[in-house]
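Thanks for coming. I have one structure to show today, so please look at the screen for a moment.

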Amino acid sequence: MLNAVTLLFFSTFVFLASADANQIGICHGRVGDNLPSPHAASLLLKSNGISKARLFLPDPAILSAFNATNTELIIGVPNENLTYLASSDANIAQNWLKSNIFSFVSPDHVRYLVVGNEVLYKDTFYSQYLVPAINNLYNALQILGLDKKIKLSSAHASSVLSSSYPPSAGAFDQQFLSVLVPMLQFLNQTGSPFMVNTYPFFSYINDPTNVPLSYALLGPDAVPVKDGDLVYTNLFDATIDAIVAAMEREGFKGIPVVVTETGWPTAGHMVATKENAAIYNGKIVERVRSGVGTPRQPGVPVEVYLFDLYDENLKSGGEFEKHFGIFSLDGSKLYNIDLN
Ligand SMILES: *[C@@H]1O[C@H](CO)[C@@H](O)[C@H](O)[C@H]1NC(C)=O
Ligand SMILES: *[C@@H]1O[C@H](CO)[C@@H](O)[C@H](O)[C@H]1NC(C)=O
Ligand SMILES: *[C@@H]1O[C@H](CO)[C@@H](O)[C@H](O)[C@H]1NC(C)=O
């Protein structure tokens with residue numbers, strides 16, 4: 001009897017743990033002047049069975065709305081705040097967390113704090129402040145008794161890699177190692193994930209002669225890439241495994257990878273179509289849900305946040321930047337995709 005109950009307990013636990021890691025999350029950016037309210041956005045996620053969201057800024061109204069729907073959140077600590085947080089101490093960092101985040105959202109609902117977004121790619125001024133800010137925030141979470149519950153990391157562009165082909169040759173760009181190595185030490189010591197934003201769409205449009213569309217798109221007819229004994233059928237897997245190889249090259253094994261952004265736009269470029277977005281995002285959801293892992297780490301689940309909930313009409317850059325939304329403003333899906 002006891003054995004049966006114990007067994008039931010453990011199998012339930014294992015099921016919940018893997019189901020959790022396998023869930024898909026969605027990013028909710030708000031660079032637009034026509035967006036539904038944060039409340040409507042939080043309800044839209046909930047009604048589609050999505051229980052995790054990435055919010056880029058600790059905006060009080062958005063945090064409150066998502067707290068009300070019990071959404072599990074990964075919340076950005078803005079690049080612009082890193083100087084302040086790096087030069088502070090644990091008490092100042094604690095006050096910052098309380099007044100910017102925990103006044104509006106219960107710590108129970110916070111999964112990760114993403115300290116800086118793509119700093120090494122587009123905001124290098126803040127590079128030297130990244131790890132000191134993370135350390136101060138970590139000490140603050142320790143004082144609050146939240147360091148086991150809320151993990152800290154920073155989201156990187158996949159350009160932190162100087163080599164990614166074949167995936168086993170994955171290596172970080174030398175110029176970033178002085179920041180990345182102490183960060184990897186922190187992630188290793190605290191059991192936190194390495195976070196990467198990766199867009200096979202950009203790889204394709206920047207180099208269409210060398211990156212086949214079907215390989216970027218997770219299409220069915222991609223010509224496989226061989227890497228020793230491993231076979232890659234898509235760029236998404238190849239990028240994750242290149243990151244894993246790069247971390248191992250620096251001596252860090254077993255740090256999980258979280259894909260904090262990936263997606264495919266529906267307009268603004270020849271291959272930015274609803275059909276392609278449905279294929280790419282649909283395949284990503286399928287892979288996450290199945291827990292298939294990657295060729296280098298089969299069965300190791302990869303947590304993914306799809307970009308983006310809605311189109312953001314004020315985004316700068318190419319026209320396609322404005323068209324990553326999965327949902328239209330009225331809450332209907334822009335294309336057929338099974339999200340869970
Ligand atoms: C944090 O950054 C925002 C801009 O994103 C700025 O308005 C605010 O003053 C900063 N706060 C601190 C404490 O650095
Ligand atoms: C957030 O939601 C929880 C319920 O899940 C509630 O207890 C709490 O008061 C809410 N607000 C804040 C600021 O934590
Ligand atoms: C840190 O890395 C070492 C060596 O790669 C590994 O044995 C250890 O389990 C890691 N710690 C955590 C918390 O992941």
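This is a predicted model: local features need pLDDT of at least 70, side-chain atom pairs count only at pLDDT 80 or more; totals for chains, interfaces and linings use all residues.

Residues are numbered from 1 along each chain as its sequence is written, chains are lettered from A and ligands numbered from 1 in the order in which they are written, and side-chain values use heavy atoms, with hydrogens and water left out.

Which residues are around ligand 1? They are Glu80, Asn81, Tyr84 and Trp96, where being near means having a heavy atom within 4 Å. The side chain of Asn81 has an N or O atom 2.4 Å from an oxygen atom of ligand 1. On its own, ligand 1 has 360 Å² of accessible area, and the protein covers 43% of that (Shrake-Rupley method, 1.4 Å probe).

Around ligand 2 sit Asn67, Asn70, Ser103, Phe104, Val105, Ser106 and His109. From an oxygen atom of ligand 2 to a side-chain N or O atom, the distance is 2.5 Å for Asn67 and 3.2 Å for His109. Ser106 uses a backbone N or O atom, at 3.2 Å from an oxygen atom of ligand 2.

Gly145 follows α7 and has a positive phi, near 70°.

Now the rings. The structure holds 16 aromatic pairs; rings of Phe, Tyr and Trp (its six-membered ring) pair if their centres lie within 6.5 Å, and planes under 30 degrees apart count as stacked, over 60 as edge-to-face and the rest as tilted. Phe201 and Trp264 are an edge-to-face pair, 5.3 Å centre to centre with 70° between the planes. Phe201 lies in helix α9 and Trp264 in the loop between β11 and α12, so this pair ties together parts 63 residues apart in sequence. Both Phe201 and Trp264 are buried, meaning under 20% relative accessible area.

Finally, ring pairs link Phe56, Tyr199, Phe201, Phe202, Trp264, Tyr280, Phe307, Phe320 and Phe324 into a cluster.

Conventions
A polar contact is a pair of N or O atoms within 3.5 Å; within protein, one must be able to donate a hydrogen and the other to accept it, and residues adjacent in sequence count only if both atoms are side-chain atoms. Helices (H or I, at least four residues) and strands (E, at least two) are DSSP runs, numbered from the N terminus. Buried means under 20% relative accessible area, exposed over 50%, partly exposed in between (1.4 Å probe, protein chains only).
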